[in-house]
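Please look at the sequence and the structure first, and then read the points below beside them.

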Amino acid sequence: MRIANLVLSTLFAALLLAVPAARAADPIVIKYSHVVADNTPKGQAALKFKELAEARLPGKVKVEVFPNSQLFDDDKVLEAMLLGDVHLAAPALSKFEKYTPQLQLFDLPFLFADMDAVDRFQQSAAGQKLLKSMEKKGLTGLGYIHNGMKQISAHNPLRVPADASGKKFRVMQSDVLLAQFAALDATAVKKPFSEVFTLLQTKAIDGQENTYSNMYSQKFFEVQPYITESNHGLLDYMVVASTEFWTGLPADVRTTLEAALNEANAYGNKIAAELNEGDKQKIIASGRSQVLTLTPEERAQWVEVMKPVWKKFENEIGKDLIEAAAASNTRS
Ligand code: LMR
């Protein structure tokens, strides 16, 4: 009996020792959730991160990428992140207004002349500081990913702002974007990305604003006969993690992941313009949607009507920040 007891307790002790050993060998699972297709700048950056992270930390890290809102929509993902249900996400900069007013900066219409200016600003001290603007809320910004400039699609041709009057548009979760359409005497509704196709198809809304890459990969062009090439606003992303998760990673793992993320984001940024141009050409070739290019006079009308939105948000965003961003349009 005593021998049996001894054997049992030895076995039990061995089991107790074995469990932590097995746990220590389990890879750290990183769930990366986003809402777009794989063949988009963000989709490609997320897959590149998986490739680099798993190659550099073999057996230590497993990255699971969930595209197309499979895991969470952008209106839910940040709450889920704070609860620890997802570890990385890259929502559009327009989707952080509950967490910081400052990122609304990026939604101001006609703020950036082109993507080089966006890049200059994001890499500047002011742009890098914004990555830390949500730390008090438990979110750490880890970098930016470009998509590109937004265009406006609609059921009817929009050449001048008056053509949008009385129409209904879908926007991301941003008060600046609501104000931008209000300036056109139109209405706008905040809706998750995953609902846009159906809203357009059923004509519950008249139009939406997005990049060519999103309009192509989500098939918006099949249900929107006109796309106005307005380049009026930016669609870019911030890669975020919960501060608790990120700072809780072993230091060597975190450093390797940060380097992998920087490289992956740079890769996404490098192919973004090419992907958008390619998708624009595919939309044109489909014959389903007509791309309307504006004359300088027509474009000037959009600028004149939309730009006063800046003033409305100047206090919330900060005048200095707006000036710093606008200054990035001139090369120093
Ligand atoms: C949108 O909701 O239109 C975009 O944020 C989708 C995306 O992530 O590009």
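Predicted model: local features only at pLDDT ≥ 70, side-chain atom pairs only at ≥ 80, totals over all residues.

## Pockets, cavities and the ligand site

Sorted by class, the residues that line the largest pocket comprise six nonpolar, eight polar and six charged ones.

**The largest pocket**

- The volume of the largest pocket comes to about 350 Å³, and its lining is made up of 20 residues, with Met115, Gly148, Met149, Ala273 and Asn276 lying nearest the centre.
- Two or more residues of this lining come from each of the elements α4 (115–123), β4 (139–154), β8 and α10 (251–286).
- Among the elements, α10 makes the largest contribution to the lining of the largest pocket, giving six residues.

**The second largest pocket**

- For the second largest pocket the volume is about 230 Å³, and of the 14 residues in its lining, those closest to the centre are Gln128, Leu131, Leu142, Gly143 and Asn262.
- The elements β4 and α10 each provide at least two residues of the lining of the second largest pocket.
- By class, the lining of the second largest pocket consists of four nonpolar, eight polar and two charged residues.

**The two cavities**

- When the whole structure is searched, two cavities of 30 Å³ or more are found.
- The largest cavity holds about 80 Å³ of space, and 14 residues line this cavity, of which Val35, Lys95, Met172, Phe193 and Asn214 are the closest to its centre.
- The lining of the largest cavity divides by class into eight nonpolar, two polar and four charged residues.
- The second largest cavity contains about 30 Å³ of space, and its lining is formed by Phe106, Leu108, Leu111, Phe112, Met149, His232, Gly233 and Leu234.
- Strand β8 (residues 226–242) is the element that gives the most to the lining of the second largest cavity, namely three residues.
- In the lining of the second largest cavity there are six nonpolar and two polar residues, while charged residues are absent.

**The ligand and its surroundings**

- Where does the ligand sit? The ligand is placed in the largest cavity.
- The shell around the ligand is formed by Val35, Val36, Lys42, Ala92, Lys95, Arg170, Met172, Phe193, Asn210, Asn214, Leu235 and Tyr237, and by class these residues divide into seven nonpolar, two polar and three charged.
- Val35, Lys95, Met172, Phe193 and Asn214, which are closest to the centre of the largest cavity, are also among the residues around the ligand.

- Which distance separates a polar side-chain atom of Arg170 from an oxygen atom of the ligand? For Arg170 the distance is 2.8 Å, and for a polar side-chain atom of Asn210 the distance to a ligand oxygen atom is 2.9 Å.
- In the side chain of Tyr237, an N or O atom lies 2.5 Å from an oxygen atom of the ligand.
- On its own the ligand has 270 Å² of accessible area, and the protein covers 100% of this area.

Methods:
Residues numbered from 1 in each chain as written. Heavy atoms only, no water. Near = heavy atom within 4 Å. Polar contact = N/O pair within 3.5 Å; in protein donor to acceptor, adjacent residues only side chain to side chain. Areas by Shrake-Rupley, 256 points an atom, 1.4 Å probe, with all protein chains shown as cover. 1 Å grid on protein atoms, 1.4 Å probe; cavity = no way out; pocket = protein on both sides within 12 Å on 5 of 7 lines; lining within 4 Å. Sits in = over half its atoms within 2 Å of the grid points. Nonpolar A, V, L, I, M, F, W, Y, C, P; charged D, E, K, R; others polar. Points joined across faces, edges and corners; volume = space filled by probe spheres on them. Helix = DSSP H or I, 4+ residues; strand = E, 2+ residues; numbered from the N terminus.
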